[in-house]
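Could you have a look at this model with me? I have put my notes into numbered points, each on one topic.

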Amino acid sequence: MRIAIVGAGLGGLALARVLHVHGIESVVYEREASRHARGQGGMLDIHSGQRALREAGLIDRFFAIARGEGQDMRLLEPDGTLLLQEDTPDDAPLARPEVDRADLRDLLLDSLPDGVVRWGHALGSAADGVLRFADGGSATYDLLVGADGAQSRVRPLLTDARPTHLGQNVVEIGIPDIDRTHPDLAAMVGRGNYWVLGDGLSLGAQRNGDGRVRIGLSFYRTGEDWFATSGIPFDDPAAARARLIDLLDGWHPRFTALVAACDDTIVPRAITTLPVGLTWPARPDVTLVGDAAHLMPPVGEGANMALLDGALLGLALAAHPDDHPTAVREYEREMFERAGAAARMSAQIQELLVAPDAARRMLAFFQPG
Ligand SMILES: Cc1cc2nc3c(=O)[nH]c(=O)nc-3n(C[C@H](O)[C@H](O)[C@H](O)COP(=O)(O)OP(=O)(O)OC[C@H]3O[C@@H](n4cnc5c(N)ncnc54)[C@H](O)[C@@H]3O)c2cc1C
């Protein structure tokens, strides 16, 4: 059986690794030219996805690269009130450790034999057992797995659903080498997650393994055209920072000081999602994992779901080595239920974030009763 996986993200690589552990060959086609072609972004908190790493035989190596202290959390209101501070004891279990996305991807890539990942293969179209790549090449398959993320080219084979704008736009900025350049701000942010919520905005700051603090400023209830109308000059980082500080009108100066300390990397990111509870009629020769199947608000579930999808599809194929249509049906039945529940929970958290008193609502979520 020829298993073609499109996309070497966490979902596709977890699938290829679990298949490999069970002696089943697959090929991963990835559009990027190499593992270093693009920065992989910041930290991920990995909780339910740890099961996938166990099935992949990689859990000990995962714990070696995970940062337990990344579980620290500070929650504040825009006027500077600290509502919650959780510092992780040294001997706390690694229930939700943070890991650098690039390190996690490298762990999975290094666990695969040479040649499994074919770099520089951007899928153009797929039909009737044939993949056609942007460079004119082609390959055949018996089972095609779309692990190609939010803008999946494989998804249209199964459903007409498309990602739509969530009404959230994020501006990503960051402070390099914060311990040396801004020790006062480093102490304020701490070792893990620093959240300021309220007024239809959020500021999330997070320490990365390389000493950079990544900051995401989210603007809720904003439309698809918001970046064009926001007055943020993305081609002039200093002026863009000044405009962002204006947009944090009334926020405590310690928060605007974080923005002022950022370097010139400034990335706009429009947030899109697929419908909650998306399903499709099973096909024997095509399925999806990860964001291609269930793109959710970015509240800490997507990477975990992608890892689990890949591992559980791999286990289903190993359990039915001569009957991949049954494996796909079993995988999809479980995935639809699990991902639907995660998407509903993510949508509820998203509702909290949008509220004017988001920080207090989030506190009640963390500390019910
Ligand atoms: C800012 C941010 C923070 C996040 N933080 C968290 C978190 O803390 N915890 C969490 O669980 N989730 C988090 N997420 C969500 C998480 O990043 C995604 O859900 C997860 O990466 C999805 O993995 P994937 O393998 O499905 O897709 P991706 O990681 O998007 O990988 C898809 C791969 O497919 C390749 N590809 C795409 N198109 C083609 C093509 N045509 N041909 C060949 N290859 C192609 C891409 O190059 C890519 O390598 C966050 C998301 C964002 C945006």
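**Notes on pockets, salt bridges and annotated sites**

1. Helix α12 gives the largest share of the lining of the second largest pocket, 7 residues. Helices here are DSSP runs of H or I with at least four residues, strands are E runs of at least two, and both are numbered from the N terminus. Before going on, please keep in mind that this is a predicted model, in which local features need pLDDT of at least 70, side-chain atom pairs count only at pLDDT 80 or more, and totals for chains, interfaces and linings use all residues. Residues are numbered from 1 along each chain as its sequence is written, and side-chain values use heavy atoms, with hydrogens and water left out.

2. Back to that pocket: its volume is about 190 Å³. Of the 19 residues that line the second largest pocket, Leu274, Pro275, Val276, Leu295 and Ala343 are the closest to its centre. The elements that give two or more residues to this lining are α10 (291–294) and α12 (324–354). For the method, a pocket is an open set of points on a 1 Å grid over the protein atoms alone, where a 1.4 Å probe fits and protein lies on both sides within 12 Å along at least five of seven lines; lining residues have an atom within 4 Å of a point. Grid points are joined across faces, edges and corners, and the volume is the space filled by probe spheres set on the points.

3. What is the make-up of this lining by class? The second largest pocket is lined by 14 nonpolar, 5 polar and no charged residues. In this scheme Ala, Val, Leu, Ile, Met, Phe, Trp, Tyr, Cys and Pro are nonpolar, Asp, Glu, Lys and Arg are charged, and the others, Gly among them, are polar.

4. Tyr331 also belongs to helix α12. Tyr331 counts as buried because its relative accessibility is 2% (buried means under 20% relative accessible area, exposed over 50%, partly exposed in between, with a 1.4 Å probe and protein chains only). Apart from neighbours within four places in sequence, Tyr331 is in contact (heavy atoms within 4.5 Å) with Thr287, Leu288, Val289, Asp309, Leu312, Leu313 and Ala316. Tyr331 and Arg2 are 329 residues apart in sequence, with their C-alpha atoms 18 Å apart in space.

5. Next, the charged pairs. A salt bridge is counted when a side-chain nitrogen of Lys or Arg is within 4 Å of a carboxyl oxygen of Asp or Glu, and the count by this rule is 20. One of them joins Arg35 and Asp110 at 2.8 Å, N to O. This pair links distant parts of the chain, 75 residues apart, with Arg35 in the loop between β2 (27–29) and β3 (43–45) and Asp110 in helix α4 (residues 101–110). Arg35 is partly exposed at 26%, whereas Asp110 is exposed at 55%. Arg35, Asp106 and Asp110 are linked in a salt-bridge network.

6. Two further salt bridges are worth a look. Arg51 pairs with Glu55, with the closest N and O atoms 3.6 Å apart; both lie in helix α2 (residues 50–55), 4 residues apart, about one turn of the helix. Arg51 is partly exposed at 41%, and Glu55 is partly exposed at 28%. The other bridge is between Arg283 and Asp285, at 3.1 Å between the closest N and O atoms. Arg283 is partly exposed at 30%, while Asp285 is buried at 19%.

7. Asp128 has a positive phi near 50° in a residue other than glycine. Asp128 is in the loop between β8 (123–127) and β9 (130–133) and is exposed at 74%. Asp199 has a positive phi of about 60°, and is not a glycine either; Asp199 lies in the loop between β13 (193–198) and β14 (201–207).

8. Finally, the record. An unreviewed UniProt entry gives "domain: FAD-binding" for residues 3–190 and 286–339; positions follow the numbering used here, feature names are shortened, and annotations may be inferred rather than shown by experiment. Residues 3–190 are 24% helix and 28% strand, with the end C-alpha atoms 45 Å apart. Residues 286–339 are 70% helix and 6% strand, with the end C-alpha atoms 18 Å apart. UniProt also places a "binding site" feature (unreviewed entry) at Arg38. Arg38 is in the loop between β2 and β3 and is partly exposed at 47%.
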